[in-house]
Amino acid sequence: MGAITPIGTDALTTFASALAARSGVRPAEDLARGGRRPLVAAAAFDSAQVPVRLRAAPLDRASAMALAATRQALADAGDAWLPDPDRTGIYWGTGIGSVGTMEASYRAIFQGGSSDWRVKPTTVITTMTNAAVAQMSLDFSIRGPTLTYSVACASSAVAIGEAMRAIRDGYIDAAIVGGSDAMLTPGTLCAWSALRALATEDPVDPARSGKPFAADRTGFVLGEGAGAMVLETFEAAVARGARIHAELAGYGIASDAAHITEPSSEGQSRAMRAAISDAGLEPEDIAYINAHGTGTVVGDRVETASIRDVFGAHAETIPVSSTKALHGHVMGAAGAIELIVSVLALQSGSIPPTAHLDHPDLTLGLDFVPRGARHGGALRAVMSNSFAFGGTNAVLVARHAT
Amino acid sequence: MEDTFTRVRALMAQELGVAPETIEPSTELAALGIDSLAALEFVFTLEEAFGVRFGEDADIRGGKVEDVVDIVERELARAKELRAAA
């Protein structure tokens, strides 16, 4: 597993920050306009430090993060991991792709007037939505399906689930999976702000502005990052003596067909039920839910209702937390990063809290893990929810590999 | 000629990640591993650095480094003439 996040430089530091409730949120002074400064959850990451074997084009920040996280995941998977390249795929998620390069390139055109419209010859190949996957395929010589899924906030959860199915169905033997997004750019921040989805700055501590499931929640903070994993069959992993983190056991996907932004409990519930059933588990087996939990009023309400619907009386006994309070909403990378957090919770028995939950929304009433991490649990299975604009709901279930 | 060559060589070396001394006026661009995409990128770099335009159909791939230097010098001279005429 590998991760570049606003709260960590790899998977383990990210998980440690999630447990310790270390926030990656800060005001972006350099993007302030009209006396208002946007909040961001930025990753401490320098694109120039990413080694590239066969550079196809200049790398956008999102692609560089993808490459860095994937290198970590491959190192973690072990040096002995030499799959058949023709039978290995890349299944990657991104909400928007290389928007940083796109904005910078086109800003020059729009500001320069029409006398000499001019961008770099590599602009297309740097900014195409599959740029990250294209670079990974070249760098790691992956010659099976190399696919980019763009499903807004559910992009990487969908990518991971579809890769699992492709392995199960015998189309491929192994896959690099995950997602990336780096959209802390003036245009994108402005667009999200116009939609009124973003959190307002906490007057006491800006780092505590993201407050999922709290009565005083105001939305989410836009984040950036990448999360990567290696999937293969259990038999292959055992045969090569790999470090196995978990079994990706279930994937459920369902669409709302109801509203472009407002979530629907019906669609979310169907996706959760499908994932649990796909894993061959019962709702009672799920011992931790990493919620989509963006911290919008309607989002938190609907997700809570969906969890109650699926889990019945058991709902109030399951720890449910949203780590978005700390790493922000990492969009296309969110599903991957939050699955990594969930898998590390499964492995360690430690459950990350929902941070900044001083004033819980009492109408919701689930166990949102306030007041710090919980340790020493024996978790049988964990679930990660990703619900997208457009109404696509993707749910992943992981359990101990045996 | 010398000045233009030195600048072209420096830009080329930087773009390719090689030492400038490895590039001679007679070096074939193909020998430097410049493919169609790299050629486009390099023309763009030269245009920005010298403030000239190579023209839409300029294809430097088949030539040598000195041919690229010639194009730059020609376009610099043309730009100078245009300025004088204006």
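The model shown here is predicted. A:Ala21 sits in the loop between α1 (11-20) and β2 of chain A. Its phi is near 55°, a positive value in a residue other than glycine.

A second residue shows a positive phi in a loop. A:Val369 has a phi near 55°, and again the residue is not glycine. Its loop runs between α12 and β12 of chain A. Is A:Val369 buried or exposed? Its relative accessibility is 0%, so A:Val369 counts as buried.

Now step back to chain A as a whole. Its secondary structure comes to 12 helices and 13 strands. The C-alpha trace spans about 65 × 55 × 40 Å along the principal axes. How does the radius of gyration fit the chain length? A compact globule of 402 residues would have a value near 21 Å, and chain A has 20 Å, which agrees. Buried residues make up 57% of the 402 residues. Contacts tell about the fold too. Take those in chain A with a separation of 6 or more: residues 24 or more positions apart account for 78% of them. The accessible surface of chain A is about 15800 Å², and 55% of that belongs to carbon and sulfur atoms.

Next, look at one helix. Helix α5 of chain A covers residues 131-140. It is mostly covered, with eight of its 10 residues buried. Among the buried ones are A:Ala131, A:Val133, A:Met136 and A:Phe140. A:Gln135, A:Ser137 and A:Asp139 are also on the buried list. What covers the buried residues of α5(A)? The cover includes the helices α2 (61-77) and α4 (123-127) of chain A. It also includes the strands β4, β5 and β6 (174-181) of chain A. Just after α5(A) comes A:Ser141, which takes a positive phi of about 55°.

A pair of aromatic rings is described by the distance of the centres and the angle of the planes. The structure holds four aromatic pairs over all chains. In one of them, the rings of A:Tyr91 and A:Tyr149 have centres 6.2 Å apart and planes at 20°, so the pair is stacked. This pair links distant parts of the chain. A:Tyr91 belongs to strand β4 (residues 88-93) of chain A and A:Tyr149 to strand β5 (residues 146-149) of chain A, 58 residues apart. Both tyrosines, A:Tyr91 and A:Tyr149, are buried.

A:Phe213 and A:Phe368 form another stacked pair, with 3.9 Å from centre to centre and 10° between the planes. A:Phe213 lies in the loop between α7 (186-194) and β7 (222-223) of chain A. A:Phe368 lies in the loop between α12 (334-348) and β12 (381-387) of chain A. The pair therefore ties together parts that are 155 residues apart in sequence. A:Phe213 has 1% relative accessibility, so it counts as buried. A:Phe368 has 4%, so A:Phe368 counts as buried too. Elsewhere in chain A, A:Trp192, A:Phe220 and A:Phe389 form one aromatic cluster.

Strand β7 leads on to a sheet. Strands of a sheet pair through backbone hydrogen bonds, either parallel or antiparallel. In chain A, three strands make an open sheet in the order β2-β3-β7, with mixed pairing. Which strands stand at the edges? They are β2 (25-27) and β7 of chain A, each with a single partner strand, so one side of each is left without a neighbour in the sheet. Strand β3 (residues 39-41) of chain A runs parallel to β7(A), and two bridges join them. The bridge partner of A:Ala41 in β7(A) is A:Gly223.

The elements run α-α-α from the N terminus on. The radius of gyration of chain B is 13 Å, close to the 12 Å that the globule rule gives for 86 residues, so chain B is as compact as a globular protein of that length. Its C-alpha atoms fill a box of roughly 40 × 25 × 20 Å along the principal axes. Of its 86 residues, 33% count as buried. Chain B exposes about 5200 Å², with 50% of it supplied by carbon and sulfur atoms.

How values were computed: Residues are numbered from 1 along each chain as its sequence is written. Chains are lettered from A and ligands numbered from 1 in the order in which they are written. This is a predicted model: local features need pLDDT of at least 70, side-chain atom pairs count only at pLDDT 80 or more; totals for chains, interfaces and linings use all residues. Side-chain values use heavy atoms; hydrogens and water are left out. Rings of Phe, Tyr and Trp (its six-membered ring) pair if their centres lie within 6.5 Å; planes under 30 degrees apart count as stacked, over 60 as edge-to-face and the rest as tilted. Helices (H or I, at least four residues) and strands (E, at least two) are DSSP runs, numbered from the N terminus. Buried means under 20% relative accessible area, exposed over 50%, partly exposed in between (1.4 Å probe, protein chains only). Two strands pair if DSSP finds at least two bridges between them. The radius of gyration is taken over C-alpha atoms; the globule rule is 2.2 Å times the number of residues to the power 0.38. Contact means heavy atoms within 4.5 Å. Accessible areas come from the Shrake-Rupley method with a 1.4 Å probe; for residues, only the protein chains shown count as cover.
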